[in-house]
Amino acid sequence: MRKIIVIEFITLDGVLQAPGGPEEDTSGSFKYGGWVVPYSDEASGKIMEKQMKPSDLLLGRKTFEIFASYWPEHADNWQGINDVTKYVLSKTLNKSDWKNSVFLESLAEIEKLKKSEGSDIKVWGSGKLTQLLLKHDLVDELWLKIFPLTLGKGKKLFGDGTIPAAFILTESAITPSGVIVANYKRAGEVKTGSF
């Protein structure tokens, strides 16, 4: 069985919309695109380099379209991105010129993919897809980069339908610019108690 690892840039209030640039996702009149850029530093670059090690990808349609318009021509910045399999969940898109792109139409196809043999599968961004995976308990690990700002509006990581789930911290770091890097692994059911 393959692990699904969700990798997200989020704000303190859980916003994940348009971290990389002003035009990335302006839906809902979102005007803060590119909010991660002021926090870039050498430490975060090294963490990103480690997290970008080649593995198959699972992406939502919007994120795939952003990636497909950029990475084929800039693959020297992400070694292996053109060679790994890019699985895309979409009901409207079914082909791409970007090599090794495979299109999925349903949650059942993702479940079948997870049960197959192969490398870990990394989900970058893809907010709606991530929420679907969380709702159906298909996320094995969350690799979060939590930025020291709040935006008050925008698409959020955890939406309606996220199931109760426990995680354990497996790795953490804080960059000089104040970004908290926290990797969590799924750890069963939520436990409760009293003092």
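Visitor: What volume does the largest cavity have?

Guide: This is a predicted model. Its largest cavity has a volume of about 40 Å³.

Visitor: How many cavities of 30 Å³ or more are there?

Guide: The count comes to 1 cavity of 30 Å³ or more.

Visitor: What makes this space a cavity and not a pocket?

Guide: A cavity is a set of points where a 1.4 Å probe fits but cannot get out, whereas a pocket is an open set. Rolling a probe the size of a water molecule over the atoms shows where empty space is left.

Visitor: Which residues line the largest cavity?

Guide: Its lining includes Met 52, Lys 53, Pro 54, Ser 55 and Leu 57. Trp 78, Gly 80, Ile 81, Val 84, Lys 122 and Trp 124 also line the largest cavity. By class, that lining has 7 nonpolar, 2 polar and 2 charged residues. Gly 80 is in the lining, and Gly counts as polar.

Visitor: What volume does the largest pocket have, and which residues lie nearest its centre?

Guide: The volume of the largest pocket is about 1400 Å³. Its lining has 48 residues, and Pro 19, Glu 24, Thr 63, Phe 67 and Gly 125 lie nearest the centre. They divide into 22 nonpolar, 14 polar and 12 charged.

Visitor: Which elements supply at least two residues of the pocket lining?

Guide: β1, α1 (42-51), α2, α4 and β6 each do. The largest share, 6 residues, comes from α2.

Visitor: Why are Phe 64 and Phe 103 called an edge-to-face pair?

Guide: Their ring centres are 5.6 Å apart, with 80 degrees between the planes. Centres within 6.5 Å make a pair, and planes over 60 degrees apart count as edge-to-face. Both conditions hold, so Phe 64 and Phe 103 form an edge-to-face pair.

Visitor: How do you know whether Phe 64 and Phe 103 are buried or exposed?

Guide: Buried means under 20% relative accessible area. Phe 64 has 2%, so Phe 64 is buried. Phe 103 has 17%, so Phe 103 counts as buried too.

Visitor: What makes Tyr 70 and Trp 71 an edge-to-face pair?

Guide: The centres are 4.9 Å apart and the planes are at 85 degrees. Trp 71 is buried at 12% relative accessible area, while Tyr 70 is partly exposed at 34%.

Visitor: How many aromatic pairs are counted, and which residues do ring pairs link into a cluster?

Guide: The count comes to 10 aromatic pairs. Ring pairs link Phe 67, Tyr 70, Trp 71, Trp 78 and Trp 124 into a cluster.

Visitor: Which residues have the most contacts inside the largest nonpolar core?

Guide: That core has 22 residues. Ile 4, Leu 58, Leu 104, Ile 110, Val 123, Leu 129 and Leu 133 have the most contacts inside it. β1 (4-11), β3 (86-89), α3 (107-115), β5 (121-124), α4 (127-135) and β6 (141-147) each supply at least two of its residues. A second, separate core of 17 residues includes Ile 7, Met 48, Trp 78 and Trp 98.

Visitor: What does Val 123 touch?

Guide: Leaving aside residues up to four places away in sequence, Val 123 touches Ile 4, Ile 5, Val 6, Ile 7, Leu 58, Leu 129, Thr 130 and Leu 133.

Visitor: Why is Tyr 184 called partly exposed?

Guide: Partly exposed lies between the buried limit of 20% and the exposed limit of 50%. Tyr 184 has 26% relative accessibility, so Tyr 184 counts as partly exposed. This residue lies in strand β8 (residues 180-186). Among the residues Tyr 184 touches are Asp 140, Leu 142, Phe 167 and Leu 169.

Visitor: What makes the phi values of Asn 100 and Asp 137 worth a label?

Guide: Phi of Asn 100 is near 65 degrees, a positive value in a residue other than glycine. Asp 137 also has a positive phi, near 55 degrees, and is not a glycine. Asn 100 lies in the loop between β3 and β4, and Asp 137 in the loop between α4 and β6. Asn 100 is partly exposed at 35%, and Asp 137 counts as partly exposed at 38%.

Terms used. Residues are numbered from 1 along each chain as its sequence is written. This is a predicted model: local features need pLDDT of at least 70, side-chain atom pairs count only at pLDDT 80 or more; totals for chains, interfaces and linings use all residues. Side-chain values use heavy atoms; hydrogens and water are left out. A nonpolar core is a set of buried Ala, Val, Leu, Ile, Met, Phe, Trp, Tyr and Cys residues joined through side-chain atoms within 4.5 Å. Buried means under 20% relative accessible area, exposed over 50%, partly exposed in between (1.4 Å probe, protein chains only). Helices (H or I, at least four residues) and strands (E, at least two) are DSSP runs, numbered from the N terminus. Contact means heavy atoms within 4.5 Å. On a 1 Å grid over the protein atoms alone, a cavity is a set of points where a 1.4 Å probe fits but cannot get out, and a pocket is an open set with protein on both sides within 12 Å along at least five of seven lines; lining residues have an atom within 4 Å of a point. Grid points are joined across faces, edges and corners, and a volume is the space filled by probe spheres set on the points. Rings of Phe, Tyr and Trp (its six-membered ring) pair if their centres lie within 6.5 Å; planes under 30 degrees apart count as stacked, over 60 as edge-to-face and the rest as tilted.
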